[in-house]
Amino acid sequence: MKARRNKKQIPSFRKLLKTSKVKLENKLKNKQFKQQSTLKKYRKEQRKLRQAVKDAVSKKPIPLEDPKEKRPGKRTEWEEEEEEEALPLDMMDEDDLQLMRDLGQRASFLTRDLSSSEPVHAKKRKHEGVIDKYEKIPRTLQTAPEKELIHLLPIKDKSGIIPQTREKPVTDSNQDEEDQEELELEEEIVEDPIRELTLEEHLIERRKKLQEKKMHIAALASAILSDPESNIKKLKELRSMLMEQDPDVAVTVRKLVIISLLELFKDITPSYKIRPLTEAEKSTKIRKETQKLREFEEGLVSQYKFYLENLEQVVKDWKQRKLKKSNVVSLKAYKGLAEVAVRSLCELLVALPHFNFHNNIIVLIVPLMDDVSKSISEMCCDAVKKLFKQDKLGQASLGVIKVISGFVKGRNYEVRPEMLKTFLCLRIKEVEVKKDTEDINKPKKFMTFKEKRKTLSRMQRKWKKAEEKLERELLEAEASESTERKLKLHTETLNIVFVTYFRILKKAQRSPLLPSVLEGLAKFAHLINVEFFDDLLVVLHTLIESGDLSYRESLHCVQTAFHILSGQGDVLNIDPMKFYTHLYKTLFKLHAGATNEGVEILLQCLDVMLTKRRKQVSQQRALAFIKRLCTLALHVLPNSSIGILATNRILMQTFPKTDLLLDNESQGSGVFLPELNEPEYCNAQNTALWELHALRRHYHPVVQRFAAHLIAGAPSEGSEALKPELSRSLIFSGYTDRVMSLHSFCDYRSAAELFETYSMAAMTFNPPVKSSSSKRKSEVLQGDSFLNEDLNQLIKRHCSEVATHLPLDFTKYLKTSLR
């Protein structure tokens, strides 16, 4: 006969991969525990059975009647109880009564001592000898062990009562000893506690485990990188290590696996988005190479999805502060795991904006930008800024902007200002305008055959035909996105940004988001639709006049207003004099303290207000600003002074007639009124820039150099011209027939750039300021040689006198002086 095959086959490797390692270990433990409990239960039952047999053999049965002990007139308590329980004789038939009496005479099967071999009716044979009685006892061979019997309840039959017995199983003494030894060993195993490891031994054991896990991770990652298409299944094995259950190394191993998978996905992910196959494509017969590629893509997308779900679960567990049932990772370790998971999500957001599930990553990252943890929030904001800076097309930026706008609105504008500051990193320089839509991307027109025949010769037509064919092929092979689509995405993105800004200006003017909104409006103001200019300028002026803004926020309002007016707002007839007046009267709020950082915004405002709008600025206004800026340069830090002096240099070159401030003669009627807050009427032409002489003795060498340069009239060449490190190289904008001056070609560094270059944020001077050296005399005089002889004697006499306490009465000296 053929051996019956076991239907329960060994699970395949694929099935083992589906089953987690924890589940397999739990199954093995349950199986071992069930076997041990079954064995213990069987041994316990055997012990109870043996004990019951011993008790049954040693116990002497109670006789039904003993004629020797029976005495008239005396009854035992047991007999009385039996009599009470028995039925009365008058209720029994005569036949039943006779049967009971007969049974009582033949009840020796109950009264007999089971351990003895004495005959039943031995009392009837009183005259038999001892020897005869012994000879009548049946003999048994000693070779076979005696079989012990277990007496059961008898069976009543027509013939009478049939006794029932059962042989007692013979137990081997050796087997009992072995069972006893096993029980003792089990008790010893249970009772002996596990030896506790010392701290050093525990660390050594943990280091050993960790090294094994690292080698395993490295082997899997190396195999995947060497041949991703063939070893894509190992990606699942590596991902299964995210559920590491060893409490000694669980946290470290999970972090290593998260980082390893991150780098693997960044390396093996293709540069295109993988779409699901249609039913027609699945049913079509394809080559082996194509089938292998499809399997790789499907496995990659599947594992990437599961990886993102694991990262999301880690972050959720940390946010909910909830322990899992396994309780392998402590609550304290949750934050470290969550930070690694968030960092991985941020890197995937930046590195794979074209791949699948990018929108899912955005939905995970945006709420974390407003997280309570500062490190998590900064990490996510930096990732979004990086994405905005490197996104050339604008598709990924548009997705992020949509989610941020909805999140800010859902939180009722109570979010971190850093979220809106990320908008400043958007790469939007132009948007789609309706009138220019046709001129943006004109299709290239080729000559018709008739045009060629009229204007070109036969050889020229041949060359023209080959040239047009080549141009068509180049246009078809061009992989870059069209300008039209790019402008469309940028326009949609900017519309969402402005909707967010205008909602905050309308509903949350006292929100901490207002500075970020004003800063964003200042950057993108030249792209705002002309229809909103009037209303927006009114809102900005109202905010300034309300007095609720800080000085930095008011500067942002001024900057936004002039960005609007210097762009498409040139065609509007709007007088921004109130903004000039506001900036002029608030300049002295800047100083070397906390407001020093506001100088950078001031320099940007002055560039837009005076330099770019030089045709709309009067000479009186330019003179007043130059004079007040020179005074301000005395109050601020060196980098601010350099920026302000650089602005004055540009203004003196833009408005050449302002050089009259370098002369101390009056240029007209009236006196300079420095306290007047109207730049047009303060008579600045009647003053001089005496502050430049004070700045020429400044401790910072660059400030000294700029002051001397302005005193000389800001020349472009000569001894008083600026050094090369303070200016850029010559920039030639193009070739023209007419000769241009050197000033037209030369482009100096901007004031804001100089402010940033010489910043003192690191608490150091750039360049280092030389320390003043003290002048020492060659010979040092000692003792009384400093004083003349008469003075020395007077000092000695006063020093030798004993101090006496006299009343201080100065009235007599006062009377003498009055006389």
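Helices (H or I, at least four residues) and strands (E, at least two) are taken here as DSSP runs, numbered from the N terminus. The model is a predicted one, in which local features need pLDDT of at least 70 and side-chain atom pairs count only at pLDDT 80 or more, while totals for chains, interfaces and linings use all residues. Residues are numbered from 1 along each chain as its sequence is written, and side-chain values use heavy atoms, with hydrogens and water left out.

The protein contains 34 helices and two strands. Of its 819 residues, 31% are buried, where buried means under 20% relative accessible area, exposed over 50% and partly exposed in between (1.4 Å probe, protein chains only). Contact is defined as heavy atoms within 4.5 Å, and among contacts between residues at least 6 apart in sequence, 68% join residues at least 24 apart.

Tyr413, in the loop between α16 and α17 (417–421), has a positive phi of about 60° although it is not a glycine; at 8% relative accessibility, Tyr413 counts as buried. A positive phi, near 55°, is also found at Ala714, which lies in the loop between α30 (701–711) and α31 (742–745) and counts as buried because its relative accessibility is 8%.

Helix α10 (residues 250–268) has 19 residues and spans 27 Å from its first C-alpha to its last, close to the 27 Å expected at 1.5 Å a residue, the expected span being 1.5 Å times one less than the number of residues. Its buried residues include Val253, Val257, Leu261, Leu264 and Ile268, and the cover over the buried residues of α10 includes α8 (199–226), α9 (233–240), α12 (288–320) and α13 (331–351). In helix α24 (residues 551–566), His556 counts as buried at 4% relative accessibility; leaving aside neighbours within four places in sequence, His556 is in contact with Pro515, Leu518, Glu519, Ala522 and Ile601.

On a 1 Å grid over the protein atoms alone, a cavity is a set of points where a 1.4 Å probe fits but cannot get out, and lining residues have an atom within 4 Å of a point. Grid points are joined across faces, edges and corners, and a volume is the space filled by probe spheres set on the points. The structure holds one cavity of 30 Å³ or more, and about 60 Å³ of space lies in the largest cavity. Among the residues lining the largest cavity are Phe388, Asp391, Arg427 and His490, and the elements that give two or more residues to this lining are α16 (395–410) and α21 (483–507).

Note on methods. 1 Å grid on protein atoms, 1.4 Å probe; cavity = no way out; pocket = protein on both sides within 12 Å on 5 of 7 lines; lining within 4 Å.
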